[in-house]
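Me: I would like to learn how to read a model like this one. Could you take me through it, one feature at a time?

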Amino acid sequence: MKQDDQAKIDEYLFGQLSPEERSAFERRLATDSDLADALMLQKETLALVELEGDERLRAKVRKVHLEQKKQGRPWVWYLLGALLFLLFAWGIYHFFGQTPTTNSEKLFAQHFQTYPLHLAERNTDEATDLLKAADYFQQNDFASAIPVLEQSLARDANPKTRLALGISLLGVQKIEEAQSHFRQLIESKDVLFYTSALWYNALAQLQQGDINACKNSLTKIAADTPFYAKARTLLADLP
Amino acid sequence: MKNRKPDEWIVERLKSTDDQANTVALRYLYTRMYDQINRFVLQNKGNREDGEDIFQEGLVVLFKLIKQNKFPEGYNVEAYLHSICRNLWLKRLHKYRREVELKAERTEIPMEDPGILHFLNADQRQAIDALFQQLGPDCRQVLHFFYYEKRSMKEIRELMGYGSDQVAKNKKSNCMKRLIALVNQSREDYKKLFTNEG
């Protein structure tokens, strides 16, 4: 093997040799087993460099994915948020003595809760108002969230915004308005919001005292979705 | 949707050597495209986990194309990412022998195979990491810039702070010699580890 063979191998592998140089190199390869082996070794080494590079990119993407997942699609956080909210709501009702009078109202109060909805990306210029709406929503300040969500929905019929608006309207007892949004999401069969819409529509029907309709909605919630367990619990509590 | 970033904005940030710039662009693409890709996979016999996998892998493929200056000119980045993910999902469906007529949400961009990015298992990742740790951070970075990102000697000189292009070239050659020697020491082990992947 010659001293500059590594550089030659590089040039050969990256197509940087002239046709004559390439032919000469290939003739050498056919007769020089050390050179042929060195070429194979360099190819193997380059393959490892490629794998290392891919892993670097994969690690960066994975990091962002985990961060975004925790932020915007946290089924685990939904449950944690739900538990916290349940505790909070239970405490508020007891402290202020706002005891719901009917069984439906009791069940509604027990089961109605919001969960973190990532409505807008903080790093973009878009939707400062939408971020405000998200904050109001998180704090259950539905009265403040509603006008902002309505404006946003008028500009961009985003299903996530529609869901948040429906939940907010339900939160202030504007049941029929809330249901019109849930129905749109149910009819669109948007796979990401279908079961959420079914769940909240069931709560709306519960609040109206329409137990049969509520049960009907709850039974449509599929077993492999986050609201299934809640639906089963509520069904067990219904007369 | 408002405030859509131009393709140049995305490409510039993904091509950058600055991690923060890469992250901003990846976050942007995540916000813009994740729901759409997830919905596509769910509507085509996939589940949520499939959607997550396909989207992440699609992003890696796109990221690599841009890093290596192979992203075709004139194409919209988001549309291209969608097509990459679609093709990745199609490959996975064929692999699992799940036949389906894909429901398309948008016009597909015809493209060649999005490329096989080999999924490494934990042992393989560890082996790669251990190998390149032995090389040292400077050599690792120079080889990555030259062979993976296809950067010129001038760019490498500027990025690494070398005195001249020739210094950068010499560094690259020496680093490659070192890496080859390291690989050669455990050549059979690497062959066994990387050709028996599941």
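Me: How many salt bridges does the rule find across the interface of chain A and chain B?

Reply: A salt bridge is a side-chain nitrogen of Lys or Arg within 4 Å of a carboxyl oxygen of Asp or Glu. By that rule, 12 salt bridges cross the interface of chain A and chain B. One of them pairs B:Lys64 with A:Glu50, whose closest N and O atoms lie 2.7 Å apart. Keep in mind that this is a predicted model, where local features need pLDDT of at least 70, side-chain atom pairs count only at pLDDT 80 or more, and totals for chains, interfaces and linings use all residues. Residues are numbered from 1 along each chain as its sequence is written, chains are lettered from A and ligands numbered from 1 in the order in which they are written, and side-chain values use heavy atoms, leaving out hydrogens and water.

Me: What pLDDT does chain A average?

Reply: pLDDT is the predictor's confidence in each residue, from 0 to 100. Chain A averages 82, and 82% of its residues score at least 70. Helices here are DSSP runs (H or I, at least four residues), as are strands (E, at least two), numbered from the N terminus. Chain A has 12 helices and zero strands.

Me: What area is buried between chain A and chain B?

Reply: Buried area is the accessible area (1.4 Å probe) that two parts lose on being put together, summed over both. Here it is about 4700 Å², with carbon and sulfur atoms giving 60%. In chain A, the residues that lose the most area to chain B are A:Leu48, A:Leu57 and A:Arg58, together 12% of what that side buries.

Me: Is A:Glu55 buried or exposed?

Reply: Buried means under 20% relative accessible area, exposed over 50%, and partly exposed in between (1.4 Å probe, protein chains only). A:Glu55 counts as buried because its relative accessibility is 11%. This residue sits in helix α3 of chain A. Leaving aside residues up to four places away in sequence, A:Glu55 touches A:Arg62, B:Leu120 and B:Arg125.

Note on methods. Contact = heavy atoms within 4.5 Å.
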